[in-house]
Amino acid sequence: MSVLSRFRAPLVAAVLGLTVLALGLSALGYDAPAALAALGRGAFGSWYAFTSATLVRAVPLIVIGLGIAISFRAGALNIGAEGQFSAGAMAATAVGLFVGRWSGLVAVPAVLLAGAIGGATWVVVPVILRRRYRVQEVISTLLLNFVADALVSFMVQGPLQESKRIYPQSDPIAIAARLPLFPGTRLHLGFPLAVALAGFVAIVFSRTIWGFRLKAVGAAPRAAEVSGRMDVARTTTQALLWSGAFAGLAGALEVTGVTYALFLNLSPGYGFTAIAVALIARLDPVGILFAGLGFGALEAGAAGMQRDAGVPAVAVSVVQATIIVVALLAVARARLARPEAAA
Amino acid sequence: MSGGVAPLVGFLAAAVRIGTPLLWAAAGEVLAERAGVINLSVEGSMLAGCLGAAIGAYATGNPWMGMAAGFAAGAIVAFGFAVVAIWARTDQIIAGTALTMASVGVTGLIYRQATSGRAAGLSVVTLEPSPLPGLGAIPFVGPVLFVQPVPTYLAGLAVVLIWLVLYRTTLGLKLRAAGEAAEAARAQGVRVRLIQTGAVVVGGALAGIGGATLVLAQVGTFAERMTAGRGFIAIAIVVLGRWHPAGIVLAALAFGAATAVQYVFQAMALDVPYQFFLMLPYLLALAALTGVAGRVRAPSGLGRTVD
């Protein structure tokens with residue numbers, strides 16, 4: 001695929017999404033040009049806005065998006081990244097509160113690992129339900145999002161609540177567990193880590209047997225089992241666990257790089273936005289990097305729009321939905337045009 | 001009535017009341033799924049129904065106009081889903097997720113605009129229970145089932161109607177055929193995608209009524225994301241109810257009870273954090289799916305794109 005055609009669908013999607021937003025805002029009586037200008041300023045208005053708003057928000061989207069690509073490639077639709085993100089954030093906070101005496105070189109990896117394990121753990125139940133009881137992971141992962149919300153609410157008013165016991169939030173995590181920031185910005189070490197992860201996943205997808213197996217299992221599970229002698233259940237299980245680990249890692253990065261504490265509603269819907277990120281990139285890791293930046297800009301712009309133009313940030317989910325639909329249509333059209341390449 | 005059963009009657013009546021919006025949404029989802037379409041935008045339809053009902057009832061002062069607006073709003077979301085999933089032939093799960101996301105955004109925007117400059121929000125008077133003459137006086141069963149707001153009775157009627165249509169009409173036969181074996185149905189002259197579209201849109205409208213019921217018979221106002229996954233629970237109810245109208249009634253009541261139980265425990269002042277009761281319906285949904293999945297058979301063509 002040429003570079004141009006590779007970027008055409010996402011660009012069309014972005015333009016359409018913003019157009020729909022502008023039309024909707026006008027129809028509802030908002031000042032659409034002012035809103036879009038505020039959106040642009042919020043995302044790209046200054047170096048500080050770009051690094052500290054856009055890139056900071058791109059980190060969780062990229063990391064979760066990579067995980068979603070892993071599970072979707074294997075044909076397992078994990079749409080519970082939101083809950084896995086929360087589980088990772090809880091685990092990271094719990095560990096981060098107790099590593100005060102450790103060196104940062106040990107504390108940070110320990111906290112990030114805790115997050116990844118937390119996220120993967122949150123997928124264990126859907127995995128068991130899928131393997132033993134054939135419960136669709138779509139529904140089980142989705143339902144567990146709401147359980148995670150309630151659990152976070154319990155944690156910040158219970159075991160992990162701040163020692164002053166006033167607000168529903170945890171104490172700040174140990175300084176040693178916090179990610180270093182780039183000078184003059186709020187951008188943390190999670191960003192280069194996300195870029196490296198994208199490169200790593202790209203290599204896994206294109207150069208390893210496991211990457212090939214994911215694709216084979218996702219494209220034609222029966223064929224993979226019969227002719228390829230692949231253990232389909234095992235592969236989808238691994239894919240689901242890894243996708244949960246990525247979402248959990250994203251939660252840990254948010255706690256160690258941005259908030260330094262556990263709050264209610266830590267994620268403004270990153271788990272769902274990341275689905276759009278992964279789909280518009282056609283599950284391609286490098287594409288996810290760029291799509292993550294684009295959606296990070298959108299999230300950053302949404303905050304700017306709410307602040308400067310009084311348009312609720314939730315409006316941006318209209319743009320995201322439009323982009324998902326356009327991505328779906330692009331895939332469907334490609335499939336209809338070339339039926340033999342249904343994979 | 002003796003004092004001994006009063007708490008139980010109160011609990012069961014609450015279960016029926018809380019289960020009603022779920023039953024509406026599940027009834028709609030049964031139609032879609034029997035036609036072979038898994039519709040995750042049912043959550044979006046419910047949410048749109050909530051907002052439609054709040055605005056409709058607030059603007060006219062008439063709760064029934066709110067119901068009608070909720071019905072229409074739910075249908076609109078479902079129509080969007082049908083266009084993307086059925087006619088453009090995309091993945092139903094993702095398309096449903098996208099339409100739900102869009103509903104969250106659009107309802108949020110409209111709500112802010114509708115309430116701008118008004119501190120009070122969209123408070124509406126909720127529907128009081130209307131005891132059915134005669135039936136409401138039956139001991140025990142009466143106060144549980146027949147002293148309810150009107151939408152609860154209508155939900156019961158709707159389920160009977162759906163049962164009649166599905167199993168006693170040619171249309172129902174065609175609908176089930178579309179869900180079981182789309183190719184064969186088409187060979188017999190059934191317009192599969194048209195029927196699927198009809199089932200999805202009517203189903204979305206019913207989910208819209210579910211949202212409207214939530215506002216008009218329980219909450220009395222709109223709040224962003226107020227459905228909180230009730231549409232997804234409705235999907236679990238459909239599985240638990242084995243894709244059968246009678247089954248979903250029982251399943252919806254079970255979920256109503258799982259939610260109502262938190263009020264009982266709160267009244268008993270047990271030392272259990274309330275968040276665990278918030279989890280209960282979702283955990284019950286998971287447990288229920290575990291119990292029935294594998295042993296019941298979904299419509300064969302469920303979730304499959306029809307070319």
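Read along the sequence, chain B runs α-α-α-α-β-α-β-α-α-α-α-α-α-α. That pattern comprises 12 helices and two strands; helices (H or I, at least four residues) and strands (E, at least two) are DSSP runs numbered from the N terminus.

Please note that this is a predicted model, in which local features need pLDDT of at least 70, side-chain atom pairs count only at pLDDT 80 or more, and totals for chains, interfaces and linings use all residues. Residues are numbered from 1 along each chain as its sequence is written, while chains are lettered from A and ligands numbered from 1 in the order in which they are written.

I turn to overall dimensions. The C-alpha trace of chain B spans about 60 × 50 × 40 Å along its principal axes. Its radius of gyration is 19 Å, which agrees with the value near 19 Å for a compact globule of 307 residues; the radius is taken over C-alpha atoms, and the globule rule is 2.2 Å times the number of residues to the power 0.38. Of the 307 residues, 54% count as buried, meaning that 20 or more other C-beta atoms, placed from the backbone, lie within 10 Å of the residue's own.

Finally, where does chain B touch chain A? Here 39 residues of chain B are in contact with 37 residues of chain A, contact being C-beta atoms, placed from the backbone, within 7 Å. Helix 4 (92–115), helix 10 (230–240) and helix 12 (274–292) of chain B each supply at least two residues of that side. Helix 4 gives the largest share, 16 residues.

Key:
Buried ≥ 20, exposed ≤ 12 C-beta atoms within 10 Å, placed from the backbone. Contact = placed C-beta atoms within 7 Å.
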